[in-house]
Amino acid sequence: MNTHSLTGGFENASHASANAFRVALDVMARPGKIAEITGGTPPAPMSSAAGTLLLTLCDPATPVWLAPSLSGSDIADWLRFHTGAPVVENRHAAMFAVGAWAELLPISDFAIGTPEYPDRSATLIVEMETLEPSGAILRGPGIKSTAALGLPALTEFQNNAALFPLGLDFFLTAGSQIAALPRTTKLEG
Amino acid sequence: MNTEYNFAYLDEQTKRMIRRALLKGVAIPGYQVPFASREMPMPYGWGTGGVQVTAACLVPDDILKVIDQGADDTTNAVSIRKFFEKTGGVKVTEETAKATVIQTRHRIPEAALTEGQILVYQVPIPEPLRFLEPSEVETRKMHALEEYGLMHVKLYEDIARHGHIATSYAYPVKIEGRYVMDPSPIPKFDNPKMEMAALQLFGAGREQRIYALPPYTQVVSLDFEDYPFEKGGAQQACGLCAAEDAYLDEVIMDDAGTRMFVCSDTDYCRVRREAGHIGEMGVPLAEDAA
């Protein structure tokens, strides 16, 4: 284990996680909104936004799947040390998955919940180059009329929305920025 | 602030579990997410669900308002406000417009809420179908299959028996055309306000359920074409502030049966009285204080 894995957690866990969660809740409730989320410093190449989100939400009860580009580095050790979350190979068993869009495909591998318990579905954290408030047009709960967000794909997200109430929920992260796309959001190109 | 408690009372692992449930709740509006509700230092029925949701959402910079049936000064509201002052060190207020988080028992404030605010409801029975079907296994299946005929039968029986839909609080709503949801025991007068700019979170402590409504989510009160939903409410104006658009409480004044109708939302009434509105039985605010 490298010493990188031991640093980069929250300075003050209760305050930092409260502030980070509030940002995550806000963007999930307002799809397309881009916000700053800070507090955690994961080893490269993971973005600080994705790292902060994992520190806020993960613990021994949440299996995490890391994309090959992330799992080879100190990130798995960092995650295990700070959160105790099990890092899993089986994509269907993961509650959270982190990686670039190409690595997360096919997203149909991840759990979408059951008709009785649609909440038992994975949350995908998509690492992006940048987050842009332009691109796909978003409509749905949390959006007054329409919002716009640059997305790595369209069809997969549209197919996911068609599964409602089942489906995956997404956070998009770049640097210290975060946005979200819940399964309720309808998309147009 | 008492530093012997973790920030906002709950331990971090519990907050993470509640936070994950809240995010799924927001992603599936109107669906009840099970969560492992904790024992709180107050009895069930005093808002343990709402308190846990508030504790999981609260940040140190928040300004908290707590209302019980619209009032800031009742035992339940005062206790919960003090609880978070003590364990979270957050600022508190009675002014709706200044609050960032509002925990409520059975009312929605009269003043329109804004984008930056979160409204947390205390919920006793989260399952709208519970009094029609006691089995959780069955109600879960009914939600999964979108089988809500029973709820319409209940409303129809209201009409058959009373000539109108007699359900006046906890009036069932349908969210985005999918889930039928219990809006908690708010008067049906408040139902139209649920399509709002603020985020709404619902916590049921004893029943261990969390659900949510993102801003601008479609909320439709169930009804029939020939018996459309009516929000009801008192016919007269508030006795103190003359508000005609507010939900009123009936107060018996003496043994002779004199009664007075006053705003249930105490902050709304105070703001109106400060602005110089005087009801039939009211006096200017300055004289009242003297």
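**Exercise 1. A hairpin in chain B**

Find the residue in β12(B) that is the bridge partner of B:D249. Then describe how the two strands run and what lies between them.

*Solution.* Work on the predicted model shown above.
- Step 1. Go to B:D249 and look across to β12(B): the bridge partner is B:V262.
- Step 2. Place the strands. β11 of chain B covers residues 248-252, and β12 of chain B covers residues 259-263.
- Step 3. Count the bridges and check the direction. Five bridges join β11 and β12 of chain B, and the strands run antiparallel.
- Step 4. Look at the turn. The hairpin has six residues between its strands, and B:G257 takes a positive phi near 90°.

**Exercise 2. The three-stranded sheet of chain A**

Give the strand order of the open sheet of three strands in chain A. Then explain why one side of β6 and one side of β9 have no neighbour in the sheet.

*Solution.* 
- Step 1. Recall the general rule. Strands of a sheet pair through backbone hydrogen bonds, either parallel or antiparallel.
- Step 2. Read the order: β6-β5-β9 in chain A, with antiparallel pairing.
- Step 3. Find the edges. β6 (147-149) and β9 (186-188) of chain A stand there, each with a single partner strand, so one side of each is left without a neighbour.
- Step 4. On average, neighbouring strands here are turned by 35° against each other, direction ignored.
- Step 5. Zoom in on one pair. β5 (residues 136-139) of chain A is joined to β6(A) by three bridges, and the two run antiparallel. A:L138 has A:A147 in β6(A) as its bridge partner.

**Exercise 3. The six-stranded sheet of chain A**

Which strands stand at the edges of the open sheet of six strands in chain A? Which residue in β3(A) stands opposite A:V64?

*Solution.* 
- Step 1. Write down the order: β1-β8-β7-β4-β3-β2 in chain A. The pairing is mixed.
- Step 2. Take the two ends. β1 (35-36) and β2 (64-66) of chain A each have a single partner strand, so each has one side without a neighbour in the sheet.
- Step 3. Follow β2(A) to its partner. Three bridges join β2(A) to β3 (residues 96-100) of chain A, and these strands run parallel.
- Step 4. Pick out the residue. A:F96 in β3(A) stands opposite A:V64.

**Exercise 4. Backbone details in the loops**

Locate the peptide bonds from A:A44 to A:P45 and between A:L105 and A:P106. Are they cis or trans? Then find where B:A170 lies.

*Solution.* 
- Step 1. Start at A:A44. Its bond to A:P45 is cis, with omega near 5°. A:P45 lies in the loop between β1 and α2 of chain A.
- Step 2. Move to A:L105. A cis bond joins A:L105 to A:P106, with omega about -10°. A:P106 is in the loop between α5 (101-104) and β4 (123-127) of chain A.
- Step 3. Switch to chain B. B:A170 is in the loop between α5 (149-162) and β6 (173-175) of chain B. Phi of B:A170 is near 50°, a positive value in a residue other than glycine.

**Exercise 5. Where the chains meet**

*Solution.* 
- Step 1. Count the charged pairs. There are five salt bridges between the chains. B:R16 forms a salt bridge with A:D59, with the closest N and O atoms 3.2 Å apart.
- Step 2. Name the residues. A:L55, A:T56 and A:L57 meet B:R16, B:R19, B:R20 and B:L23.

Notes: Residues numbered from 1 in each chain as written. Chains lettered and ligands numbered in written order. Predicted model: local features only at pLDDT ≥ 70, side-chain atom pairs only at ≥ 80, totals over all residues. Heavy atoms only, no water. Contact = heavy atoms within 4.5 Å. Helix = DSSP H or I, 4+ residues; strand = E, 2+ residues; numbered from the N terminus. Pairing = 2+ DSSP bridges. Axes fitted to C-alpha atoms, helices over the stretch in contact; angles between N-to-C directions. Salt bridge = Lys/Arg side-chain N within 4 Å of Asp/Glu carboxyl O.
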